[in-house]
Amino acid sequence: MSKSNLLLPVIQNWGCHNCGGCCREHLIEITAAEKQRIENQAWTAADGISMERPVIQQIGRNRYRLAHQSDGACVFLDEGGLCRIHTKHGEPAKPLACRTYPYAVHPAGPRKLAVSLRFSCPSVVQNLGSSVDSQKAAIGQLSREIVTGKQRDHDPPLIHNCPPHGVQQGDWPDFHRFLTALDDCVTDDSVHLVVRLMRILAWLELVEQSQFQTIRGAKLDDYLSLVTKASVKAQPDNDLPIHRPNRMARIMFRLIAAQYARHDTEALVRGGLSTRLSLLNAAMRFTTGFGRVPTLNESASVSRVFADPSDNDPNRTVRFSDLEIAYGGRRSDIDELLTRYFRVKIQGLHFCGPAQFQTSLLDGFRGLALMHPVVMWLARLRAARRASESIDLVDVQASLATADHNYGYSPALGTPSALRRVSLLTRMKQLTSLLSWYSQ
Ligand code: SF4
């Protein structure tokens, strides 16, 4: 695949630093061919593999996945945090899902693929390793294996699919014009990121209200630049009005944040009645927003890489009300991290269409914008747990890794009721309140 047909996020680095997190938190489904290949590798106890149970589990008719050790780690993860298949047989011998993570590849036009990254990997969050652009040959090879044949011939995601204008869809070149305009708006660092996001929400509303079906090509660029200028007038500077989100918005937001914070381990999935009751109890508390915030499980990557040494008081209680005060979140280091996050998701087509439950570009970006208050709320929770009055960069890094684990992947976030919550918050004009309130 030529470089021009592979769209890579230009501002992102990556290299695996062997935290072993992904090998503990992902259940890896494998194809029948991969099953056969692993069986042919003839693993024995001499390789350090426990022979108490099979290395491959059947999870349905012709469906298989790699088994896990009793501590939750993949059966092939060794004590040093390395993959035994990789060590013994080389990287190509691993299942495709393992070789792909943390990349995500999406069709982006005729013979074009867009590459994004999952920020659930701590190395992605911290921007460690070499530039993604310098790895284009390996990513191109991987992309060809991930998106094959007809999967590449995809229509672009809808721009907008709501009344009164009905479905609005352009061709791929026009769809990329929208992406470029969004990326430019996120990049303008003359104002805080939260101001840029407010402007984009105004931008989306202007697009939604207009009938642009007949505007194509270079004229679409002119139209989008007019919309951008108008959206700047909606929020001209850093002087943000602060409105506390209303009660209904806070309830919906807490339920969304709880979904993003969820980390369903294998033990939880297998859990019996008591597990289900405790989940129900936690859901009730998130709905009412009274009393103590339920304990949220951290992923293996987060607890390994972003552990908070000062969070050592198991009896410390954080109340929902503790998270409604300012925590000093509008800072350049936090803006820089989250700007990179938004740009990777835009450039990698990771916020709408097939990557995001088939949402349109407009609705998909609203869901992406909501990640800002979700991450900042989770960062407040982390700061409050160590009795700190301000969040730091590591709080935001850990919270981003937690939330992005579910972004676009948790089926619960793609249900009609979950998607309706985002559009209700938009219609109630509460997305902007959530952005300004939780970024303080
Ligand atoms: S989570 Fe990222 S850094 Fe950690 S082992 Fe997986 S790919 Fe490597």
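Guide: Look at helix 10 (residues 247-261) and helix 15 (residues 361-385). Their axes come within 10 Å and cross at roughly 75°. Axes are lines fitted to C-alpha atoms, for helices over the stretch in contact, and angles run from 0 to 180 degrees between N-to-C directions. Helices (H or I, at least four residues) and strands (E, at least two) are DSSP runs, numbered from the N terminus. Helix 10 and helix 15 are therefore roughly perpendicular to each other. That label covers 65 to 115 degrees; under 35 is roughly parallel, over 145 roughly antiparallel, and the rest oblique.

Who makes the contact (heavy atoms within 4.5 Å)? Helix 10 supplies Phe253, Ile256, Ala257, Tyr260 and Ala261. Helix 15 supplies Leu370, Met371, Pro373, Val374, Trp377 and Leu378. By class, that contact has eleven nonpolar, no polar and no charged residues. Here Ala, Val, Leu, Ile, Met, Phe, Trp, Tyr, Cys and Pro count as nonpolar, Asp, Glu, Lys and Arg as charged, and the others, Gly among them, as polar.

The model is predicted: local features need pLDDT of at least 70, side-chain atom pairs count only at pLDDT 80 or more, and totals for chains, interfaces and linings use all residues. Residues are numbered from 1 along each chain as its sequence is written, and side-chain values use heavy atoms, with hydrogens and water left out.

Now set this beside the ligand. Around the ligand (a heavy atom within 4 Å) are Trp14, Cys16, His17, Asn18, Cys19, Gly20, Cys22, Tyr101, Cys121, Pro122 and Ser123. This shell divides into seven nonpolar, four polar and no charged residues.

Notes: Contact means heavy atoms within 4.5 Å.
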